Every structure is written in structure tokens, then in C-alpha cells.
Amino acid sequence: MKQTTNTILMVRPASFRMNEQTAVNNYYQQEVALLPATINAKAQEEFDTFVAKLRAVGVTVIVVEDTEEPNTPDALFPNNWISFHENGDVAIYPMFAENRRLEKREDVLDLLEEQGLRIENVVDYSEAEEEGIFLEGTGSMILDRKHRKAYCALSPRADEELFIEFCEDFEFTPVVFTANQTVAGNREAIYHTNVMMCVAETFAVVCLDAIDDKKEKKNLLKHLKADGKEVVAISENQVTQFAGNMLQVQNDEGRLFLVMSSAANASLTQQQRTAIEKHCSIVHSSLETIETCGGGSARCMMAEVFLPKDHA
């Protein structure tokens, strides 16, 4: 089992803006005094630059164009509604915001098959939406595919029972905890695990300060260390700069890169940067508009494709 892939699916935005339906529990989103068309144009520019940087280092990026109808402001974060697995399985997830449910597109699967990738089986958890139960893909869960562990910070968008069910279906060992951030003086659940944690092949970036329960923190560290991961701890302040929202990818020659936004990169201390660069190079791109309005960053924009190649 591989932990990193050289193939990424990304969705180019058509109507990106601050999504009022997700802002209720994504405390990273902010209003911007710009026209929607201007915001979308800036997001497209950031998206195109980001894709170009990934391709320049040899990562395969499959770009899907978002459609103007239905209106899906968060479509550029596909990793929340779909995940792709090495055995040909695809999972489709229940989404918290009603307008994010419209992001799920059959034609994305057709497109991947046209690219010579094989889909064996689709496991769709969408029905849980009707019961108000959510699990937003690799936003809610950080998968250590090699060691078959899944890390999940519980939140309104990450239901524990459904997470356990996913782990049983896909053969992962669940590691559950709660991660908080301070909002107006209160500790509130961080909406997605991938904002405060990233698991790479030989290291993990994690905001330990977000885990208030000592036992949970100890358990998380025990799992990471048992798998030989060097732990690079980041601060809560760095989390607000999206320093937890990173993804390790490889290029067509197997060279590893840690991908993040320029804000995340700028927030790293020299010590953290040195720790990361022992393991792989850093690729970063400015995602200012997307981060500010969308409350998500580089990791959220990349759905990793692990599907087997079709040799038929």
C-alpha cells in the first residue's frame, strides 16, 4: 500500500465565493468586500497557478471544470465528497452543507475511467445526510494508507459511528479524538481534521495544542510514533495560516513533495522547515482568496487518485 500518489484530481471553480452554509462551523471563512465575479476570477487565477506548480514538478493533475449550474461555491474542495483507493474502490460521503451535496458528479468517475483508471466498486454513504449524519471524506479523516490507520477529529461534520463504519468497510484502524480552536473565547471543534493534521510517509504535521484531552493526545502520538513517523508540532496560530492543511504527493519519478499554501509556508519556523525538508521538498502556492473566502487551503483542493491503471 502506498501513502502518496502522483495523480491528483482538482476541480476548477466556476462560482467560488464564501459559502454561507459552511460558515456556521468553519471559523476560518471571512467576508471579502469584492464582487462575486472578482472573487471567482481571483480564485481561478490562484487555482491555475497552483496546478501549474504541481505539474512543473511532475505531478499528474486531472482538472475537472466546475459547472455554473447547480451553484456550488465550494466545488474546488473535492476531497470532501469523494476518495479513491488502491483496490479500485471509490467512497462518496455525506456532506453537511446542502449546497455542497450538489458537488457530487457521476461524470467525474466517467472522466477517470476515460483516463485509463479502473473503478471496481462505489461505496456511497450519502444516505446518512437524511439523518443529519456527516463524514466529509479526507477532510474529516486523515488516512495513513500504508499502516491502515484513519485519524478523525470529531465535529459536526465527522460522526463517530459513521467513521467507524467507514473504517470497517475500508479496513482501517480508527484513531478518534477531538480537536478544538478558540473562537470568541470558547473552545469549539475544528471543522475538519485536515486543517490541524497531515500524515506523510515518514512524518506527520499536527497541532497537538488543539487536542485538549491528554489521553487522546497521548494515544495519537503513540500511533504516529509506532509507525515510525517524526512528529512536527505546529501551533494553533499556525493552524489559522493553514499550516496543518498540507498533503504529501510524489511525482512521476517517485520524488516526494509536501504541498501547502504560501501562507502556510510563511508561517513555518526554521526548525519546522528543516524537519520537513529532511523528508521531502516543499511546494507552495498563494491561495489567499481561496483561503479567506473558502476557509480551506491546498490540501482541501486535492483529491488523491490511487485507482489502479486499467490494462485492458
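This note goes through charge, strand pairing and backbone geometry in a predicted model.

1. **The negative patch.** Nine names, one surface feature: E106, D110, E113, E114, D124, E127, E130, E131 and D310 gather in a patch of negative charge. Helix α3, residues 106-114, supplies the largest share, with 4 residues. E127, another member of the patch, sits in the loop between β5 (121-124) and α4 (137-140). Its relative accessibility is 61%, so E127 counts as exposed; the cut-off for that class is over 50%.

2. K104 pairs with E129, and their closest N and O atoms are 2.7 Å apart. K104 lies in the loop between α2 (98-101) and α3, while E129 lies in the loop between β5 and α4, so the contact ties together parts that are 25 residues apart in sequence. K104 is partly exposed at 21% relative accessibility. E129 is buried at 14%, because the limit for buried is under 20%.

3. **Other charge pairs.** The model has 15 salt bridges in total. Side chains of opposite charge can pair when their charged atoms come close. One example is E120 with R118, where the closest N and O atoms are 2.7 Å apart. Both partners are partly exposed: E120 has a relative accessible area of 49%, and R118 has 29%.

4. R299 and E304 meet through their side chains in a salt bridge, 2.8 Å from N to O. R299 is buried at 5% relative accessibility. E304 is buried too, with a relative accessible area of 9%.

5. **The three-stranded sheet.** An open sheet of 3 strands runs in the order β2-β1-β17, with mixed pairing. Its edges are β2 (60-65) and β17 (303-304), each of which pairs on one side only. Strand β1, residues 7-12, runs parallel to β2, and 6 bridges join the two. Strands of a sheet pair through backbone hydrogen bonds, either parallel or antiparallel.

6. **The β9-β10 hairpin.** Here the pairing is antiparallel: β9 (residues 180-183) and β10 (residues 186-189) share 4 bridges. V183 has N186 as its bridge partner in β10. The hairpin has 2 residues between the strands, and A184 takes a positive phi near 50 degrees.

7. **Backbone exceptions.** Most residues other than glycine have a negative phi, and most peptide bonds are trans. Which bond is cis, with omega near -10 degrees? The bond from E69 to P70. P70 belongs to the loop between β2 and β3 (82-84).

8. **Positive phi in two loops.** R148 has a phi near 55 degrees, a positive value in a residue other than glycine. R148 lies in the loop between β6 (141-144) and β7 (149-153), and is partly exposed with a relative accessible area of 23%. E171 has a positive phi as well, near 60 degrees. Its place is the loop between α5 (160-170) and β8 (173-177). Is E171 buried or exposed? E171 counts as exposed, because its relative accessibility is 63% and the class begins over 50%.

Conventions
Residues numbered from 1 in each chain as written. Predicted model: local features only at pLDDT ≥ 70, side-chain atom pairs only at ≥ 80, totals over all residues. Heavy atoms only, no water. Patch = residues over 30% accessible without salt bridge, like charges linked within 9 Å, V, L, I, M, F, W, Y side chains within 5 Å. Areas by Shrake-Rupley, 256 points an atom, 1.4 Å probe, with all protein chains shown as cover. Salt bridge = Lys/Arg side-chain N within 4 Å of Asp/Glu carboxyl O. Lys, Arg positive; Asp, Glu negative; His and termini not counted. Charge placed at Lys NZ, Arg CZ, Asp CG, Glu CD. Buried < 20%, exposed > 50% of the residue type's maximum accessible area, 1.4 Å probe, protein only. Pairing = 2+ DSSP bridges.
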